[in-house]
Every structure is written in C-alpha cells, then in structure tokens.
Amino acid sequence: MTTDGAAATAWQPSELELERREFRRRASGRSVLVALVSTVLFAVVAGTLVLTSPGWESVQQAFFNPEIAWESLPKILEGLWLNIQVLFFATIGVAIIGTLLAVMRSLRGPVFFPLRAIATGYTDLFRGLPVLIVLYLVGFGIPALNPTTRFPAALLGTIGIMLCYSAYVAEVLRAGMEAVHPSQRVAARSLGLSHAQTLRLVVIPQGLRKVIPALMNDFVSMQKDVGLISVLGAVDAIRAAQIVQASTYNFTPYVVAGLLFVALSFPMIRLTDHISAKMAAREQIGGTV
Amino acid sequence: MNAVLELHDVHKLFGDNHVLKGVDLEIATHEVVVLIGASGSGKSTLMRTINLIERVDDGRIVLSGDDITDPAADVDKVRARIGVVFQHFNLFPHMKVIDNVTLAARKVHGMDPAEAKAKGVDLLTRFGLGDKVDEYPDRLSGGQQQRVAIVRAILTDPELLLLDEITSALDPMLVGEVLDLVRSLKDQGSTILMATHEMSFARSVADRVVFMHQGRILEQGPPEEIFGSPREAATQEFLARVTHR
C-alpha cells in the first residue's frame with residue numbers, strides 16, 4: 001500500500017512537461033540576452049555623449065579628481081560619522097514623538113480636544129515648513145534665548161530634524177492606524193479591552209505593518225537630510241567637503257560626500273524593496289497574475 | 001469536436017504538497033458540471049489552473065481545441081474567453097455597476113462603449129438589477145453584488161463559465177436569487193463548471209456531478225447516481241457529512 005508521500009515522490013514529469021520547461025528556459029534566456037544587449041548599448045551611447053562633449057576635461061578636473069578625492073576621504077568619513085550619530089538619535093526621537101502625535105490625533109472625545117488640536121497644528125506646521133528654515137530657527141534661535149550657554153550645533157541640528165520628521169512619521173502612522181478595519185476595533189472593545197489597550201495591542205501592530213514601506217522611505221529621506229545640519233556649522237560630511245573645497249577650489253569632495261551618502265542609504269533602500277516584495281507576495285497567496 | 005474543455009492528466013504541486021494528482025475531465029458544450037468535495041480536495045486549485053492563475057506542473061488543458069497550457073499561448077487572450085465568478089464577488093469598488101460589467105467588453109474586446117452599455121443594461125434588467133445600473137457596489141446587498149459579478153463574467157459571451165463557490169459568502173436568504181440566475185444561464189445554454197457546497201442545487205441543476213478527493217476525481221456521474229447510490233466509500237462519507245448537518 002502506498003501512502004500519499006510515496007505517490008508524490010513516484011510522480012515524474014511527463015515528456016510534455018519537460019518540453020514546456022525547456023521552452024520556458026529558452027524564452028527566459030532570450031529575454032536576459034535582450035536585456036544585456038540593450039543595457040550595453042545604452043551605456044555606450046551615454047558614455048560616448050559625455051566623454052566627447054567639449055567641456056569634459058575641465059569637468060573631470062573640477063568634479064572627478066582622484067587625488068583630491070583620496071586626500072579628502074578621511075575628513076569626510078569623519079564627518080559622516082557625525083551624520084550617522086545624528087541619524088541614530090533623531091530616529092529614536094522621531095519614533096517616540098511621531099507615535100505620540102499619531103495617538104494624540106486619533107484620540108476620541110471632547111475632553112481631548114486640546115491634545116488633538118496641538119497634534120494637528122504641529123503636523124500642519126512642520127510638514128509645511130522647509131527643513132532648512134526649521135534648522136535656522138532652532139540652530140540660531142535657541143542659542144539666542146540663552147546667550148551664556150553654548151549648545152553644540154549637532155545637538156541643535158538633531159532637534160531640528162526630529163521636529164520636521166516626527167510630523168511626517170506621525171501622519172504616516174495615523175494613516176496606517178486608520179487603515180485598520182473598524183471591525184477590528186469593534187472586536188477588541190467587545191472583548192472588554194480599553195481604548196488604550198485596543199490601540200496598543202490591536203490597532204498599532206496592524207497599522208504599523210501596513211505602513212512599514214512608507215516609514216522606511218521616510219527613513220531613507222532622513223538619512224540624507226541629516227546632511228543639512230552642516231548649515232549650522234556642525235562639521236559633518238558635507239561641511240568637511242566644503243572645507244576641503246574652500247582650500248583646493250575643487251568640487252570633488254562634494255562628489256565624494258554624495259557617493260558616501262548614497263552608499264549609506266543603499267542597504268536600507270534594498271531592504272525596503274525586499275520587505276515590500278515579501279508583503280505583496282503574502283497578500284497574493286501565490287498565483288501569477 | 002464539441003468538447004469545450006478537456007483536462008488531460010493535470011498535476012499541480014505547491015512545494016512538496018501534491019494538490020492535483022492527475023485530473024482528467026471533459027466538459028461538452030452546454031453542459032453544467034458541478035464539482036463537490038471537502039475543503040482542500042483541490043476544487044479551487046483546479047478552477048485556478050483552468051483560468052491560468054496557477055500554472056500546471058504537468059498535463060494539458062484544452063479549451064475548444066486550443067492547448068492553453070502551451071507556454072507560447074497568450075494568457076490574456078485565453079482568460080478573455082473564460083468567465084469567472086469568485087466567492088467574494090471581487091467587484092471594483094471605485095466603479096459603478098454598469099462600468100464594472102462593461103469593463104472587459106470595452107477595454108479587452110474592443111466593443112463600442114454605447115453598445116456595451118446597452119448590453120449591460122439589458123442583462124442587468126433581465127436579472128432584476130435594472131435600478132442598480134448607476135449604483136456603486138458597496139450600496140448593494142451580497143446577493144445583488146454576486147449577480148452583478150455574474151453579469152460581468154457573462155457579458156462578453158465566454159465559452160466557459162467558472163463559478164467558484166459563489167454562494168459561500170452569502171446570507172442563506174440571498175443564496176436563492178443567485179442560484180436562480182445560474183439556473184437561467186443553464187437554460188440559455190451556457191457551459192458551466194462550478195464548485196459548490198449547495199448539494200440540493202447541485203442535484204437539481206447539474207448534468208454531471210464530479211466528486212474530488214485528495215487531488216483526484218474519485219467518482220463522477222449524473223446527480224441521481226452520485227447522490228442516490230455513490231459507489232466509493234469516501235463519497236458516501238462526504239455526502240453523509242454535508243447532508244446531515
């Protein structure tokens with residue numbers, strides 16, 4: 001007597017199925033080849049256009065000078081380390097403030113009107129204000145309040161970034177919480193959970209899952225915007241590049257700093273794509289449409 | 001050749017899970033075939049392979065003489081020839097009823113919009129939905145939504161209609177109106193393959209009942225035979241369970 005497992009292993013694909021697999025293999029081989037050829041062709045055309053343009057040599061000197069790039073690298077890396085520290089603390093701050101704001105905005109009942117109004121006003125204001133202006137106001141306004149105390153520019157910059165991004169993150173979180181179907185709240189309240197418990201145990205976990213790609217996108221955006229703290233005089237990667245540029249009259253350090261920022265964000269971007277793809281696959285329950 | 005659909009030794013595996021273990025089935029023109037069987041017996045997977053939503057791992061599916069499992073076949077063209085109705089209706093919530101039912105006619109079959117609309121209104125009216133033409137789906141009851149979904153599937157005169165447990169998500173009060181519609185489709189000569197748990201309906205409307213068990217067709221025949229004197233022990237057990245609830 002054969003069990004199902006034995007029957008499954010005994011089954012072998014027929015001639016027809018093997019032929020079909022061979023056909024699909026050839027078809028995918030063809031499309032890889034087409035992609036390869038078109039990519040090479042595109043690169044050659046684009047490369048020729050740039051390299052044969054009349055100003056290429058001077059551009060290469062001013063922006064892609066390998067010697068200056070190598071010389072400026074240690075200083076810029078040192079600056080980048082400051083950016084990473086700012087990013088680390090800003091992320092924690094944004095997560096806390098953003099969640100608080102989102103919860104405040106979703107509070108029901110007339111008693112909470114002031115909290116709701118504050119949260120709404122805050123998100124309206126800081127989503128509208130350009131980051132640069134917030135940085136100026138915080139970076140030069142707070143020290144002016146206490147002329148005798150000296151605040152490090154990096155700290156003020158972190159606060160500025162935190163103020164701006166927590167407004168965005170709060171809105172994303174709120175959208176996620178509202179996307180959780182009302183029947184989930186009804187079910188949770190019917191079990192006797194309080195409003196706060198319902199939020200914490202049922203709504204936020206589901207809402208968060210829905211908006212993870214959007215949140216990661218905000219994180220990637222913040223990763224490069226921490227470079228803006230250079231306007232406050234903090235010696236970060238961009239400021240370090242500017243210092244080298246001022247002494248060499250060459251823009252290569254900026255290119256180096258830019259590439260380092262791209263390298264910094266690259267793992268996060270790939271991770272975002274990966275998680276989005278995984279979530280899409282889970283929602284589709286197999287199937288190729 | 002008057003077979004609309006032929007399945008030859010169809011296999012489907014999800015990883016190590018052998019869901020369809022060699023299914024052979026033939027459906028003639030104007031025939032109504034009802035699939036019955038326990039959850040997990042492969043009914044839905046079988047329907048999904050016919051609509052090419054799942055790719056078969058072996059065997060052939062032939063639609064009116066064309067091998068639709070040929071990897072060179074145009075998947076969209078094949079699907080345009082088959083009408084599908086789902087358990088959860090799957091109407092497009094952002095479109096009015098009339099736009100839902102005429103979408104494929106207008107965008108896939110290139111039918112003139114005015115002509116498609118006239119046909120849509122005519123079909124909706126015939127099935128008692130004449131006053132819902134300009135409504136949005138969420139204003140309709142489940143039974144009305146499912147009838148709209150059936151109109152959407154038949155508006156382009158498909159060669160074959162796949163109905164996958166179309167009454168399972170409905171209030172018992174609303175099941176009748178949907179089944180009446182299916183019965184009138186049968187009277188008009190549609191070729192239908194349907195999976196259902198409504199045994200009394202299967203008994204009255206089916207030309208042939210097919211019992212699926214663990215990924216195989218275990219037994220098939222006229223409804224009187226399958227329901228009256230099933231030969232296989234598994235069929236007897238299944239029928240005893242679903243009819244003595």
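## Nonpolar cores

In this predicted model, the largest nonpolar core comprises 67 residues. Val34(B), Leu162(B), Leu193(B) and Val210(B) have the most contacts inside it. Val210(B), with neighbours within four places in sequence left aside, is in contact with Leu25(B), Val33(B), Val34(B), Leu35(B), Ile217(B) and Gln220(B).

In soluble globular proteins, nonpolar side chains tend to be buried together.

## Packing of helices 3 and 4 of chain B

Two packed helices are described by the angle between their axes and the distance between the axes. In chain B, helix 3 (residues 97-107) and helix 4 (residues 113-126) have axes that come within 9 Å and cross at roughly 130 degrees. Helix 3 of chain B is therefore oblique to helix 4 of chain B. Their crossing is right-handed.

On the helix 3 side, the residues that meet helix 4 of chain B are Val97(B), Ile98(B), Val101(B), Thr102(B), Ala105(B) and Arg106(B). Their counterparts in helix 4 are Pro113(B), Ala116(B), Lys117(B), Gly120(B), Val121(B) and Leu124(B). By class, this contact has 8 nonpolar, 2 polar and 2 charged residues.

## Surroundings of Leu185(B)

Leu185(B) lies in helix 6 (residues 172-187) of chain B. Leu185(B) counts as buried because it has 21 C-beta neighbours inside 10 Å, the cut-off being 20 or more. When residues up to four places away in sequence are not counted, Leu185(B) touches Ile154(B), Leu161(B), Ser190(B) and Ile192(B).

Leu185(B) and Val62(B) are separated by 123 residues in sequence and by 23 Å in space, C-alpha to C-alpha.

How values were computed
Residues numbered from 1 in each chain as written. Chains lettered and ligands numbered in written order. Predicted model: local features only at pLDDT ≥ 70, side-chain atom pairs only at ≥ 80, totals over all residues. Axes fitted to C-alpha atoms, helices over the stretch in contact; angles between N-to-C directions. Helix = DSSP H or I, 4+ residues; strand = E, 2+ residues; numbered from the N terminus. Parallel < 35°, antiparallel > 145°, perpendicular 65-115°, else oblique. Left-handed = near helix turned anticlockwise from the far one by under 90°. Contact = placed C-beta atoms within 7 Å. Nonpolar A, V, L, I, M, F, W, Y, C, P; charged D, E, K, R; others polar. Core = buried A, V, L, I, M, F, W, Y, C linked by C-beta atoms within 7 Å. Buried ≥ 20, exposed ≤ 12 C-beta atoms within 10 Å, placed from the backbone.
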